[in-house]
Amino acid sequence: MSTAGKRILMAKTGLDGHWRGPTVVAKALRDAGFEVIMIGMARPEEVMQASIDEDVDLVGLNIGGHVDVAVRAIGMVRESRPEVPIFVGGVVPPHAKRKLEGLGVEVYPPGSQLPDIVAAAMRLTGAA
Amino acid sequence: MNSNNGNGRVWNTASGLHLKNFYAPEDVPESHRKHVAVPPGESPFHRGAYPTGYRTKPWRIFQLSGFGKPEDENERIRFLLEQGETGFIMEHDRNTGDHCYNVDHPDVVARREDVGLTGAVMQSVRDIDICMKDLPLATSYGHAGGAVVQHAPFALAGYWTVAKQRGVDLARLPGTGQSDFFLTYLGCVTKQQIPTRDGLRFNADIMEFCDKHLPRWVPVSIAGYNGADTGLNAYQELGALFANAVEYLEEIKRRNTMSLENAARACGGVNFRASMDLFEEASKMRAARLMWQQLLERRYGITNPKVANLRIHCVTAGSRMTYQQPLNNIVRGTVMALAAALGGVQSLGVSGYDEALSIPSEHAHQMSVRIQQILQEETNIQAVTDPLGGSYYVETLTAELVERAWEFFDEIMEQGGFLASLDSGWLHERAAENQSEDFRQQESGEQVIIGVTDHKDDVSPFDVDGFMGVDDAYDVALERLHEVRRTRYEKGASQALGALESVCRDGENIMPAMMDALAAEVTLGEIGDVYRSVFGDWATPIQT
C-alpha cells in the first residue's frame with residue numbers, strides 16, 4: 001500500500017488564526033505523498049461538506065478553542081461519512097483529549113512529533 | 001584557536017549564529033567597541049534605556065489576562081494586581097474582537113463554545129465599563145487590548161470613553177494598546193481583516209489622535225514577539241520590527257500632521273519575545289536599543305535622547321512551553337524572564353506554565369507574577385544595570401545580531417517594504433522555513449526539549465488539566481447585545497455609525513468618529529460591517 005492518491009482534509013475549527021501547527025503538519029503529510037486539502041477556518045458544517053465534496057480518506061482537525069466545537073464537527077462528518085477516520089491536533093487539554101478519545105478520535109497535542117503524525121495518517125488511511 | 005567544538009558538535013545560537021568556545025577582546029568588532037564604554041541612558045543606549053536601570057525603575061510586571069464575561073476578566077485582573085502585578089492588560093475575546101463580529105454573527109454562532117475562552121466578550125462600551133470596574137486607571141499602566149489592527153480603534157476608544165466618564169483627564173492617562181501588524185498579518189491570520197494599507201492608516205490615525213489628546217499614551221506597540229513565536233529567528237525579529245517602524249514613520253512623514261520626533265517616540269515602545277537561548281535573547285534586547293538609535297539618526301536625523309531610547313516590553317515564548325510535564329515550564333519561564341531582565345527590558349509578561357494546555361489558570365497566572373518577583377527581590381539582579389555589558393561574548397553576539405538584522409531589514413526593503421513582505425507572503429515563508437527546520441532538528445536530535453524529545457518519563461505526573469473558563473460567556477454576551485440594541489438611543493447610535501462610515505470612506509482620522517460611536521453605544525459588529533463594506537478583505541497570502 002502507499003500514500004499515492006490518499007486525500008486528507010485539514011481544517012481549523014476555531015477562529016484563532018494560529019496557522020503554524022496545521023501548516024507544518026500539512027507539509028509533512030505532503031512530503032509523505034498524501035494529497036492535502038486545506039480549508040482553513042471552517043464551521044462544522046463546512047468541514048462536513050468539504051469531506052464529501054473532496055472525497056477524502058481522512059479528516060484532520062486543528063483545535064484552538066473549545067472541544068465541543070470539534071465534537072460537533074466530528075458528529076457531522078460521521079453522520080455523512082461514517083467510514084472516514086478523523087484525527088485531531090492543537091491545544092487540546094487533557095480533559096478534552098479524554099473526551100475526543102472516547103469518541104474514537106486520535107489526538108496529537110503540542111509536542112507530538114511529525115513522524116508519529118505521518119505514521120498515524122498512513123495507518124488510518126490504510127496506506128501502511 | 002578557540003574554535004574547539006567539543007565532541008565534533010557544531011555549537012550555534014538558536015538563530016544559527018556560529019559560536020566559539022570562548023571569546024576574547026579581539027572578537028568584539030572594532031566598530032562596536034566604542035559603544036561598550038558608553039553608560040546606560042546615553043546614546044546609543046545599547047547598555048540601557050535609563051541611567052539608573054532597575055534601581056529606580058523596576059521592570060513592570062505585565063501579564064496578559066482575560067476570559068469569560070467582562071466581570072470574570074475584571075476579577076482576574078484585580079487578582080493579579082493584588083498579587084503584585086504593576087500594570088494590567090485587558091484582553092478581548094479573539095473570536096469577536098479580532099474579526100469585529102458580534103456574537104450573533106454566523107461564524108461566531110457556529111463556534112459559540114469558543115467565545116470567552118481567550119478574553120472577555122466586549123461588544124459595546126457597557127461591556128468595557130464592566131471589565132474596567134475599580135481598576136486604577138490614572139495611577140497604574142493599562143493595556144486597553146486591541147491587539148489586532150482592525151480591532152484596536154474600538155478597544156482604545158472604549159477604554160478612553162470609560163476613562164473620560166470616570167473623570168480621568170485623557171491628557172494625563174497612561175497606558176497602551178497594541179494594534180500589531182505581526183499578530184494581525186503574520187502570526188494569527190484571522191478569517192477576515194482589513195487590508196494592510198488600511199491597517200497602516202488606522203495606526204497612523206491612532207498615533208495622530210494620541211499626539212493631540214493622549215500624550216502619555218503609547219499608541220501602538222510593534223510586537224516582534226508575534227513574528228518570533230511564528231518562526232522568525234532573533235535577527236529576523238529585529239530586522240522585521242524596524243522595517244515595520246519605518247512604515248509607520250514614512251506614513252506620518254507623508255501626512256506631515258505631527259512631528260516626526262513625536263511619531264518616533266510613539267513607535268519607540270516595542271515588544272520582543274524572550275525565548276530559551278539565554279545569551280542570544282539578552283543580546284537581542286541590547287541590539288534592539290542600538291538599532292533604534294541608529295535607525296533614527298541615520299534615516300531621520302533624530303538624536304533626541306528622549307526619543308532614541310527604545311523601551312521594551314517582553315513576553316516569554318509561549319511556543320516553548322510544553323504540553324508534556326508542564327511544571328517544567330516554570331523553569332523555562334524563569335530562564336526566559338532572566339534573559340529579558342539581563343537584556344534590560346522595561347516590562348515583562350511570563351507565559352503561564354499551562355500555556356500549551358489552555359489560557360492561564362489562576363495558579364499559573366500567580367506563578368508568572370511570582371517568577372518575576374523572585375527575580376526582582378531575591379537575586380539582586382536589579383542592583384547593576386546591563387550586567388552582561390562588556391562580556392566579550394555578549395558584545396560580540398550583540399554586534400553580530402545588529403549586523404544580521406540590518407541585512408534582513410535590507411531584504412525586506414528589497415521586497416518593497418514591510419507591508420509588501422506581508423502582502424506577498426514573503427515573511428510568512430521565512431517563518432515557515434524556520435518552523436520546518438525546528439521540527440527537523442528535534443527529529444535529528446540536534447534540538448532537545450526535555451520531556452518532549454528526551455526524558456519523557458514522568459515519575460509522578462502532576463495533574464494539570466488546563467483552565468476550563470466559564471460556560472455562560474456566550475449566553476450573557478448575547479443577552480447584553482440584545483439589551484444594548486433595545487435600550488440605547490437608536491437615532492444617536494445610527495447617526496454616529498453613519499458618521500464613522502463617512503470618515504472611513506473620506507480618509508479623515510477615524511478616531512474622533514470612533515469615540516463618538518462608542519459613546520453612542522454602537523456595537524463592535526456594526527463597526528466591523530462598516531469596515532467590511534468600505535475596505536473589503538485582505539487577500540491572505542497563505543493557506544491557513
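# A tour of chains A and B

Select B:Gln193 and B:Thr190: their side chains are joined by a polar contact of 2.9 Å. Keep in mind throughout that this model is predicted.

**Stop 1: around B:Gln193**

Stay on B:Gln193. The loop that holds B:Gln193 runs between helix 8 (181-187) and helix 9 (196-213) of chain B. Is B:Gln193 buried or exposed? B:Gln193 has a relative accessible area of 3% and is therefore buried, as the cut-off is under 20%.

**Stop 2: B:Asp205 in helix 9**

Move along to helix 9 of chain B and pick B:Asp205. B:Asp205 is buried, at a relative accessible area of 1%. Which backbone nitrogen lies 3.2 Å from a polar atom of the B:Asp205 side chain? The nitrogen belongs to B:Ile510. Display the neighbours next. Leaving out residues up to four places away in sequence, B:Asp205 touches B:Arg255, B:Glu508, B:Asn509, B:Ile510 and B:Met511.

**Stop 3: helix 11**

Select residues 234-255 of chain B, which form helix 11. Helix 11 has 22 residues. From first C-alpha to last, helix 11 reaches 32 Å, close to the 32 Å expected at 1.5 Å a residue. Colour helix 11 by burial: 19 of its 22 residues are buried, and the helix is mostly covered.

Check both ends. What caps the N-terminal end of helix 11 of chain B? The cap is B:Asn233, with a side-chain oxygen 3.1 Å from the backbone nitrogen of B:Tyr235. After the helix comes B:Asn256, with a positive phi near 60°.

**Stop 4**

Zoom in on strand 2 of chain B. Strand 2 runs parallel to strand 3 (residues 142-143) of chain B, and two bridges join the pair. Within this pairing, look for B:His143 of strand 3 opposite B:Ile89.

**Stop 5**

Go to strand 6 (residues 269-274) of chain B. Six of its six residues are buried, so strand 6 is largely enclosed by the rest of the structure. Show the side chains and see how the residues divide. B:Gly269, B:Asn271 and B:Arg273 point one way. B:Val270, B:Phe272 and B:Ala274 point the other way. Both groups are buried.

Strands 6 and 7 of chain B pair in the parallel sense over six bridges. What is the bridge partner of B:Gly269 in strand 7 of chain B? Pick B:Arg311 to find the partner.

**Stop 6**

Start with the peptide bond from B:Ser43 to B:Pro44. The bond is cis, with omega near 10°. B:Pro44 sits in the loop between helix 1 (30-36) and helix 2 (53-56) of chain B.

Next, select B:Cys100. Phi here is near 55°, positive in a residue other than glycine. B:Cys100 belongs to the loop between helix 4 (94-97) and helix 5 (106-109) of chain B. The relative accessible area of B:Cys100 is 0%, and the residue is buried.

Then jump to B:Gln325. Its phi is near 45°, again a positive value in a residue other than glycine. Its loop lies between strand 7 (311-316) and helix 15 (328-342) of chain B. B:Gln325 counts as buried at 14% relative accessibility, because the cut-off for buried is under 20%.

**Stop 4: chain A**

Chain A has five helices and five strands. Trace the sequence to follow the pattern β-α-β-α-β-α-β-α-β-α. Along the principal axes, the C-alpha atoms fill a box of roughly 35 × 30 × 25 Å.

Of the 128 residues, 56% count as buried. Among contacts in chain A with a separation of 6 or more, 70% come from residues 24 or more positions apart. Finish with the surface: chain A exposes about 4,900 Å², and carbon and sulfur atoms supply 54% of it.

Conventions
Residues numbered from 1 in each chain as written. Chains lettered and ligands numbered in written order. Predicted model: local features only at pLDDT ≥ 70, side-chain atom pairs only at ≥ 80, totals over all residues. Heavy atoms only, no water. Helix = DSSP H or I, 4+ residues; strand = E, 2+ residues; numbered from the N terminus. Expected span 1.5 Å × (residues − 1). Buried < 20%, exposed > 50% of the residue type's maximum accessible area, 1.4 Å probe, protein only. Polar contact = N/O pair within 3.5 Å; in protein donor to acceptor, adjacent residues only side chain to side chain. Contact = heavy atoms within 4.5 Å. Areas by Shrake-Rupley, 256 points an atom, 1.4 Å probe, with all protein chains shown as cover. Pairing = 2+ DSSP bridges.
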